[in-house]
Amino acid sequence: VRADHPSYGGRHHLPTLGVIGGGQLARMTIQAASRLGVPSRLLAAPGEEAAPALAPAVTWAPLDDTDALHRFAAGCDVVTFDHERVCPDAVAALEAAGAAVRPGSAALRFADKAHQRSVLGEHVPVPLHSVVTGRELAGLGSATDLVVKPARGGYDGKGVHVVTEPGQLRALAATGADDDRYVVEQHLAIEQELAVLVVRSAGGEVATYPAVETRQVDGTCHEVLTPARVDPAVQVEAVRVARRVADVVGAVGVLAVELFVIDGQVLLNEVAPRPHNSGHLTIEAAATSQFENHVRAVLGWPLGPTGLLAPAAAMVNVLGPADGSDPRHRLAAALRVGGTHVHLYGKAPAPRRKLGHVTALAPTVSEALRRARLAGDLLTHTSTPAPVLQGALG
Ligand SMILES: Nc1ncnc2c1ncn2[C@@H]1O[C@H](COP(=O)(O)OP(=O)(O)OP(=O)(O)O)[C@@H](O)[C@H]1O
Ligand SMILES: [Mg+2]
């Protein structure tokens, strides 16, 4: 806490948390901070909707406005992020100016998938891959059955290109600059995808959540289940890999490690130094949510326990329906499904956009999934609600 800061020993006795990025992760981080009485400020880019509606103080600025970044940081005790799209050099400049930025610029450099693969591949198993420039990508010509990912900027599968036809590589390369970098790998037969959240506090404490199972459709996360239905040995290996990754990245706060299971082997897919979609179910299903633990970690406070509060839980994302309709209109129907927790982020609907999620706790994974899907389907209108609306489902 800076002695010249208005919150220091004055009106508030708790530090002010600055969050850069205005999406749902910022929204849920601010909700967790607010429950602890921690005042927060938000730096949002024009057009971001989910967090500004809830944040007590919002600064609007584009991500590359470094002056705005400095002014914002000067008004906060600790700065954190809801995405890793801020230029690491700009963050390094904030650090040099004395700001407490968590995770810091070194961790944010891992937003680059090529950097991840080259550094982390020295420590944990990663898929066979190569890193190529746009020029080299175009030169791969008619190769197919590949997956190509731009080193920077992908999210929700938007940066994942499955190459199945000759010519696709050249077309893809043409969308970027010659010296853009791409990770290229085989289209893998993935048995299962797991994610492990690791939390590292500014005080050096480390905690992990149990590995969850994630299910992607077209590269976008649709569902998350816990406990993951894997061998105990795979669960142990997943946590081991994730902790190793977290140590190498050195991030303070929550770090999400996405893993592939192939032939019983655990391989690192990617890492995100922030709270993550795979951890939304921790809000209701874990003793401490990923968002609260992120706040605790970046503020240097003791971490909360990460164990599950129910035998099983499932989370289903509410993605914008293809017809552009708004799930908010169907909220009342979804709320009649018993045993579920509906979260809507206050975002305008667009097809496939993440607009919310539903979590259910239950005695078994399949029962949790059934309930979460039921409410999720009602919100997105993909099932006919009539028969189940006779009363709250138990
Ligand atoms: N080599 C591959 N073979 C098969 N499927 C893959 C491969 N690489 C990625 N995928 C699929 O695409 C999904 C998204 O990939 P990745 O995590 O790299 O992208 P992203 O856009 O950064 O995703 P997000 O932000 O949603 O985590 C993976 O979870 C997996 O389902
Ligand atoms: Mg991913």
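Because the model is predicted, local features require pLDDT of at least 70 and side-chain atom pairs pLDDT 80 or more, while totals for chains, interfaces and linings use all residues. Residues are numbered from 1 along each chain as its sequence is written, chains are lettered from A and ligands numbered from 1 in the order in which they are written, and side-chain values use heavy atoms, with hydrogens and water left out.

Helices (DSSP runs of H or I, at least four residues) and strands (runs of E, at least two) are numbered from the N terminus. Helix 10 spans residues 290-298, and eight of its nine residues are buried, so this helix is largely enclosed by the rest of the structure. Buried denotes under 20% relative accessible area, exposed over 50%, and partly exposed the range in between, with a 1.4 Å probe and protein chains only. The buried residues of helix 10 are Q290, F291, E292, N293, H294, V295, A297 and V298. Their cover includes strand 1 (17-20), strand 4 (78-81), strand 9 (192-200) and strand 13 (253-262), together with helix 1 (24-35) and helix 9 (282-285). After helix 10 comes G300, which has a positive phi near 80°.

Helix 1 passes helix 10 in a right-handed crossing, in which the near helix is turned clockwise from the far one by less than a right angle. Contact (heavy atoms within 4.5 Å) joins L25, M28, T29, A32, A33 and R35 of helix 1 to F291, E292, H294 and V295 of helix 10. Six of these residues are nonpolar, two polar and two charged.

A second pair consists of helix 2 (residues 66-74) and helix 3 (residues 88-96), whose axes come within 10 Å and cross at roughly 40°. Helix 2 is thus oblique to helix 3, and the crossing is right-handed. T66, L69, H70 and A73 of helix 2 meet A90, A93 and L94 of helix 3. This contact has five nonpolar and two polar residues, and no charged ones.

Across the whole structure, 18 salt bridges were found, each a side-chain nitrogen of Lys or Arg within 4 Å of a carboxyl oxygen of Asp or Glu. R35, E292 and R296 are linked in a network of such bridges. E270 pairs with K113, with the closest N and O atoms 3.9 Å apart. This pair connects strand 14 (residues 265-272), which holds E270, with helix 5 (residues 113-120), which holds K113, over a separation of 157 residues. K113 is buried, at 12% relative accessibility.

K149 and E185 form a further salt bridge, at 3.0 Å from N to O. Since K149 lies in strand 6 (residues 146-150) and E185 in strand 8 (residues 181-186), the pair ties together parts 36 residues apart in sequence. K149 is buried at 6% relative accessibility, as is E185 at 4%. In the bridge between R215 and E223, the closest N and O atoms are 3.3 Å apart. R215 is partly exposed, at 28%, whereas E223 is buried, at 11%.

Definitions and conventions. Axes fitted to C-alpha atoms, helices over the stretch in contact; angles between N-to-C directions. Parallel < 35°, antiparallel > 145°, perpendicular 65-115°, else oblique. Nonpolar A, V, L, I, M, F, W, Y, C, P; charged D, E, K, R; others polar.
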